[in-house]
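Thanks for coming, everyone. Please have a look at the model on the screen, and then I'll take you through a few places in it.

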Amino acid sequence: FPPLVCEHSGSLQQEDPAMMRSDNYLPVPGEEKNLDVDFVNIKARSNESIPMKNLYADDGSPLCPRLGPYFSDGRRRVDYVLAYHIQKPSSIRRRSSRFSDNNFIRRLRRSLSMRSSRAPLQPKEDPEIAAQEQRTDYHEDDKRFRREEFEENLLETGLELEKDEGSKIPGIGFLKIHAPWSVLCREAEFMKLKMPTKKVYDVKQGSNLVEKIRLFIHKATAPLHPKVDANRPQSIKSLSHPFSREKQHLFDLSDRDKFFDSKTRNSIVYEVLKRTRCTRAKYSMGIISLLANGVYASAYPLHDGDIEGVNAEPNDRKLLYEEWASYSVFYKYQPIGLIRKYFGEKVGLYFAWLGVYTQMLIPAAIVGVIVFLYGCATVDDNIPSMEICDPRNNITMCPLCDRACSYWKLVTACGTARASHLFDNPATVFFSIFMALWAVLFMEHWKRRQMRLNYVWDLTGFGEEEEDHSRAEYEFQVMQKTMRKERSTPKGERVKLTCTDRLPAYLTTVVMMGFMVLVTFAIVFGVILYRISIKAALHMNTYPAARSNIRATVKTTGAIINLIIIIILDEVYAAIARWLTTLEVPKTDKSFEERLIFKTFILKFVNAFTPIVYLAFFRGRLVGRPGNYLYVIGSYRMEECAHAGCLMELCIQLCITMLGKQLIQNNLFEIGIPKLKKLLRRRKSELDSKQEEELNRTLQRHEKDHFLGPFVGLSPEYMEMIIQFGMVTLFVASFPLAPLFALLNNIIEIRLDAKKFVMELRRPIAAKAKDIGIWYNLLRGLSKVAVIVNAFVISFTSDFIPRLVYQYMFSPDGTMHGFVNHTLSYFNVSDFQPGTEPLQPMHLGYTVEICRYKDYRESPWSSTPYELTKEFWAVLAARLAFVIVFQV
């Protein structure tokens, strides 16, 4: 006879023999009497366990459970599952997952009396181990008591429960919850859920011409549409109305099993769980508090069914896998309606936004590629780079560092100058203006798409007036404050956490956020010192290969070091932001999420963009001039830009950071970490692959979902896309190929996220939302800042403005001939400060008396040597004027 999973109420005759004997209890100490009385009072009204559903048929034969999301009778659907840890240290719990009430109180009394007894222990029993075991048993009994009370309250709400403690997962018990029709109707009316009625109407698409164009586009793009909802005409929509039990005649209730879909049923049960409380303990505990205190290990709704295998029944999850979560359908549109139906509006809005963003990247990527190709096509016609590459000019440049560096020929910078023209050309200005308009169009297009989804999904009347439930941590802090102020607080006054209570947490947040930003600055400064040191070391190296590509080596290694630091600090900053938000004890989940998003965004944004901002706006600005350089930390001379400007180095840093974050942090981590966890789990398992596959076939749906990862929210998904949006828009003037790389990444990201949601994560609780929340405000802020940043990049980082000023103000023939010579100043080598002249002045084979450096300064033989010239002020005025005009 198999052990009962949930014993029928009143089965007192089947008590374990170990519990049938007469027990003599020792007196209970005074400090523990109240707790014992609480347990007794709670169970005094009934001698029966909570009446769970029997797992056996009327004839006594066990029911054959279906492997789908159903109760053991194969008819009632499992709408929610609560998992908890079970311990069976002895034969006390052999036959049943529940005990009679007398048994439970007797065991608890024995545990308490043994703890207070002064009787000597057994000779072979270790006192420390015995005390630890007794504390563990008491703790487990306390959890079991809370579970029993919570489950009893769930039954009073009308939910049907079934326990499964004989599962194939050792140490884990499951409580399966089913909401019958009466509960679904009652809660749907209470939650004011909008349900489709029998009334349908045609959706007018517009004028005949617009309708014809729409139909033509729809037919032309038919291969791109997923094969879902093929039988339902798109022009027909059901009229929705808040559900009411008195107006059931308005709704089509011909098939009650399908009227409330699985997503709605899960949401209804979750609302009941949130409202149900344990009130007989010292303080009230809901499902969130029970999970936080370990009474239940996890709580989750079930997936609809399997997605692989010959016997897998058709279901929405399998359809999503075939038409959405497969890389073979990367070219198709997303089935947003089915995503919303299965995962809820909040997840549906995320993937709808990601789809709109990816579609809008297509024109940006095409224009960026055209701009890049224009630079490639015109590189041989660029006069400034031709002048740099012309060996006949014979321009001798001043040393790039003190002592170790010597004089060098400008012609050696030919490759850098030609490469810079690929990204620093007149088309770049056009592309920056285009991307500023693109960002505005993207935001407006998404607003329109969002409003349409609100209409289609019947969210037009949905508001945020629904009160959000308090978090478990907040309730715990309020409980502690209430216990501290029991005597001073008048009865009936509601205790809550004030700003004074949170002041230490707020101060900690401000100090820690400032410290983390300073840490980021310090690390970037450390990378600067690395570049300065490695450049001097390579110049002193006698190996010819090391001296041949010094600039490329320093740029690339510095960018890779920055990337590694950014990836590491991203994980650190995410943990710190969560810790700081937890310290503040926000009241609701929404408040917690918004505070966490804000902190994480600030830290990750500063971490990702500080090296880029330094290269764009600070490198080469605080250098000084030959004979009067700026030094930091003793003898470290600040970095100079290459003759063609810092735009090429900015492009390399942006390219490596963007590609590295997308390939390593976003895709490799999301693919590699789950596979690594699965590999480690297989290695720990004693079963081989065939046995594990066979076991997986026999597992029920709630057991399979237990092995899936928990859903942690959409914030990590949004965050990586927001940082990418910043990379695409903020410094696009220096890297026109950024939209193309973002597009390629997002095509993979959509299917990768889809696969993760469908296959690797537990099903999230369907949450309603009208918009993407705080993320829209962040996007708007970035799109506005992008206009300013690109204006400054074009004005101050590139040579676009100096070239225009020279061509229209100083060029003798109105062309760019002579521009390189115009931007170089003269320096007399006799004016070097002592100890800074080159160690090898004859490196070029001749004595150098005058060298050149890039700046607008007077010559050494003028009346005001080395002072800024009028050309400098003319260029500066033109740069500032361009920034203002670009904003308009």
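Helices (H or I, at least four residues) and strands (E, at least two) are DSSP runs, numbered from the N terminus. Residues are numbered from 1 along each chain as its sequence is written. This is a predicted model, where local features need pLDDT of at least 70, side-chain atom pairs count only at pLDDT 80 or more, and totals for chains, interfaces and linings use all residues, while side-chain values use heavy atoms, with hydrogens and water left out.

Start at Ser254. It sits in the loop between strand 5 (236-242) and helix 7 (256-259). Is Ser254 buried or exposed? Its relative accessibility is 68%, so it counts as exposed; the cut-off is over 50% relative accessible area, with buried under 20% and partly exposed in between (1.4 Å probe, protein chains only). The side chain of Ser254 also makes a polar contact with the side chain of Asp252, at 3.0 Å. A polar contact is a pair of N or O atoms within 3.5 Å; within protein, one must be able to donate a hydrogen and the other to accept it, and residues adjacent in sequence count only if both atoms are side-chain atoms.

Next, helix 12. It covers residues 345-377, 33 residues in total. From first C-alpha to last it reaches 48 Å, close to the 48 Å expected at 1.5 Å a residue (1.5 Å times one less than its number of residues). Where is the kink in helix 12? At Ile362, shortly before the proline Pro363, and it is about 25°. That bend is the angle between axes fitted to the seven residues ending there and the seven starting there.
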